[in-house]
Amino acid sequence: MSSGDRRDSHQSICRRTFLRRSAMGALGLALADGLLTRTSSHAGPAATTVRARSRVVLVRDNRVIEGSGKVHQPLLQEMLDRALTTLTGKRTIGDAWAQFVKPGDVVGLKLNANSVRQLRGSEQTAHFPALTRAILSGFDKAGIAEENVVVWERSDEELAATGLSIQKEPGALRALGTRASRRGSGGPGFSAESFPVGSKSSRVSRIASEMCSALINVPVLKDHGITGITGALKNHYGSIDNPSRYHGNHGTHPGVAEINAIPVIREKQRLVLFDALLGVYNGGPRWPRQYVWPYGGIFVGTDPVAMDAIALQILDEKRRSEGMGSLIPRAGSVKAAAALGLGTADRDQIDLIEVTIR
């Protein structure tokens with residue numbers, strides 16, 4: 001059987017999973033009522049019952065990452081390519097990426113390396129460079145040269161902990177932080193302009209505001225002790241100069257939502273690409289090894305609120321299986337972001353397409 005036939009024969013939407021996840025509506029009182037609508041790329045027209053406003057494509061394969069953290073690169077590439085072609089409806093990965101980035105863009109990949117230093121030196125950081133390589137492969141097919149790509153985080157120190165090499169010189173792929181160290185100076189620094197964030201204000205990394213014309217948000221699948229989730233929305237705490245000011249009220253009023261409404265962030269972000277190869281279901285934003293599990297997934301979409309709603313559901317399912325309580329009571333920032341018009345948290349308005357390679 002060819003790899004293409006194998007993919008088509010194994011892409012499926014599991015009704016048992018649908019029913020199990022539908023039960024999650026009871027947990028969503030802080031977000032919205034309703035169920036997720038699922039569709040399959042090989043199902044007939046009757047399979048789609050609601051025309052969703054926000055689409056999320058989730059691709060999983062239990063072989064892509066081992067418990068040790070070792071990543072199977074060709075399979076990861078296949079998963080990412082399938083996710084993006086399914087999301088866009090394009091036949092080739094080059095055409096799919098061209099929906100979001102153009103050859104004239106300088107593209108910033110905003111990773112989330114918060115507390116990764118706890119895993120430094122182990123294979124459990126391998127998914128960061130592996131996913132970066134898979135993205136760069138797609139960029140090449142879309143005509144995006146590596147010299148026009150910036151992989152970044154809030155500090156060199158944190159980015160280096162992922163296993164990526166710091167490289168700041170133009171003419172090649174750049175990987176760098178806004179500052180040299182988490183609380184230090186050096187590096188590009190922050191914008192001269194200060195942007196209102198509710199009753200407060202923040203400056204934005206110059207990597208986002210000046211160096212890049214397009215942003216790809218690459219969050220990780222983690223819980224958070226204050227905000228419930230470390231996801232697409234909260235990843236931009238690493239894009240501003242004073243994130244510690246926004247941890248009150250579970251990261252709301254002002255907080256996560258208002259930071260994502262900053263024009264530089266909102267207008268330049270083209271895609272959210274969730275790194276869910278490993279997940280952390282308790283103890284985040286750190287990476288306590290006893291709570292790290294190989295989820296083996298990636299999911300993509302353009303609505304960061306919908307993406308975080310799906311991530312919350314995945315994390316809550318895992319926590320339920322471990323006898324733990326829901327994260328949703330702490331995750332008011334997702335509802336707040338929806339209220340600001342940044343996306344939808346309403347499950348009736350999220351079209352989740354699940355692709356299982358195996």
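How many of the 16 residues of helix 3 are buried? The views below begin with that helix.

View 1. The model is predicted: local features need pLDDT of at least 70, side-chain atom pairs count only at pLDDT 80 or more, and totals for chains, interfaces and linings use all residues. Residues are numbered from 1 along each chain as its sequence is written, and side-chain values use heavy atoms, without hydrogens or water. Helix 3 spans residues 73–88 (helices are DSSP runs of H or I, at least four residues, numbered from the N terminus). Of its 16 residues, 13 are buried (under 20% relative accessible area, 1.4 Å probe, protein chains only). First to last C-alpha, helix 3 reaches 23 Å, close to the expected 22 Å (1.5 Å times one less than its number of residues). Gly89 follows, with a positive phi near 80°.

**View 2. The largest pocket.** Its volume is about 550 Å³ (the space filled by probe spheres set on grid points joined across faces, edges and corners). A pocket is an open set of points on a 1 Å grid over the protein atoms alone, with protein on both sides within 12 Å along at least five of seven lines; lining residues have an atom within 4 Å of a point. Of 26 lining residues, Asn114, Arg154, Arg182, Pro243 and His247 are the closest to the centre. The lining has five nonpolar, eleven polar and ten charged residues (charged: Asp, Glu, Lys and Arg; nonpolar: Ala, Val, Leu, Ile, Met, Phe, Trp, Tyr, Cys and Pro; polar: the others, Gly among them).

**View 3. The largest cavity.** A cavity is a set of points where a 1.4 Å probe fits but cannot get out. The largest holds about 40 Å³. Its lining includes Leu111, Phe128 and Asp275. Helix 5 (residues 127–141) gives the largest share, three residues.

How values were computed: Helix = DSSP H or I, 4+ residues; strand = E, 2+ residues; numbered from the N terminus. Buried < 20%, exposed > 50% of the residue type's maximum accessible area, 1.4 Å probe, protein only.
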